[in-house]
Structures are given as C-alpha cells and as structure tokens.
Amino acid sequence: MSVQIRSQVASAVRACEDKKGEEISILEMDKSSSAFTDYFIICTGKNPRQNQAIADEVELRLKREGTRANQVEGYQQADWILIDYFDFVVHVFSEASRKFYDLERLWKSARKITLADLKKPPARAKAPAKRAASGSRGKAASARGPSIRKKAGTHRRKLSS
C-alpha cells in the first residue's frame, strides 16, 4: 500500500483517539479476500453524540489533508457510522452494535496492525540477490556461466491485424 494511504489511515486513527474512541482496531484486509478496501478502522464510542464527534473529527482532519470521504452512512442514528474513503473505511460503533456485528470475527483473515506498523515503510517485493564481486562465491558463480533471466513481458508475440 502506498505511503499516502497509510498516512491517511494513521490520521484517522489519531482522530478517533483524540475524541476518546475506545477499542480502536486497524485491520489490513487480506488481498485474497473479497474485501472492497485495504483497511478497516474500527472504534467504539460511549453514546451517539460521541460517535458523531469521532466521525466529525475523522472527516475534518482528513479534509484538511486534502482527502474527502466518498460516502458517510449512519450519522443520524449514530449507532454505526461508516465513513468510506475507498482505500480504507472507518467504522464508529456503539458498544452494543460492535458486539453484534463483530467485524473483527467476520473479517478474521485480516491482519490486525498498529499505528507503529503504519509508520514502517510498506513491504516491497524482494529484490534479486546480488552476486559477489570477488572471493569464492564470485568464482563459483562465474564457473557456472552467465545467469539467464527472462523479464516479464519481453517475449510477446506480435498479433497480426
């Protein structure tokens, strides 16, 4: 995931913390699941007014950073407020609704992460190992001959029109 998205998720989590949201969870959705987003942020408020205050702070903070919510649902009832930012979704629950819907159980294939995890650089694909320039490893490698690697997409057939 991009550094920008991880930064936005971290901002949303800090907004929940600032408004005293409880039991804050960050779920990184499994790529092989049917999830429609990359992250869920889940928190609990004690009453409808606090839930609205948490949702307001999330929206305000991200708006200042140039990110607007795609959709907000459940704000008036404030039992379960869902704020959709495409790449992540913020869920602000009442205690009863959080227990009832139990999203952590429902999305158990998701990896639970922390704010500290978001600050780490995103995992990249492993780079190929470098060959040693000298020493016995370098001689052994050169004795086997040159390494032949095909790059993806370099051997495409031309289709006739």
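These notebook entries record what I looked up in the structure.

**Basis.** I worked from a predicted model, in which local features need pLDDT of at least 70, side-chain atom pairs count only at pLDDT 80 or more, and totals for chains, interfaces and linings use all residues. Residues are numbered from 1 along each chain as its sequence is written, and side-chain values use heavy atoms, with hydrogens and water left out.

**Strand 2.** I took helices (H or I, at least four residues) and strands (E, at least two) as DSSP runs, numbered from the N terminus. I counted a residue as buried under 20% relative accessible area, exposed over 50%, and partly exposed in between, with a 1.4 Å probe and protein chains only. Strand 2 covers residues 39-45, and seven of its seven residues are buried, so the strand is largely enclosed by the rest of the structure. I noted that Y39, I41, C43 and G45 point one way, while F40, I42 and T44 point the other way.

**Pairing.** Two strands pair if DSSP finds at least two bridges between them. Strand 1 (residues 22-28) runs antiparallel to strand 2, with five bridges joining them; L27 has F40 as its bridge partner. With strand 5 (residues 88-94), strand 2 pairs in the parallel sense over seven bridges, and there C43 stands opposite V92.

**Cysteines.** I searched for disulfides, each a pair of cysteine sulfur atoms within 2.5 Å, and the count was zero. The closest cysteine sulfur to that of C16 is in C43, at 3.8 Å, which is too far for a bond. C16 is buried at 0% relative accessibility, and C43 is likewise buried at 0%.

**Helix packing.** I examined helix 1 (residues 3-18) against helix 2 (residues 48-64): they pack at an angle of about 145 degrees, with axes 8 Å apart. Axes are lines fitted to C-alpha atoms over the stretch in contact, and angles run from 0 to 180 degrees between N-to-C directions. Contact means heavy atoms within 4.5 Å. Helix 1 contributes Q8, S11, A12, R14, A15, C16 and D18, and helix 2 contributes I54, E57, V58, R61 and L62.

**Positive phi.** I looked up two residues other than glycine with positive phi: A78, near 60 degrees, and D102, at about 40 degrees. A78 lies in the loop between strand 3 (71-73) and strand 4 (80-84) and is buried at 1% relative accessibility. D102 lies in the loop between helix 3 (95-101) and helix 4 (103-106) and is partly exposed at 24%.
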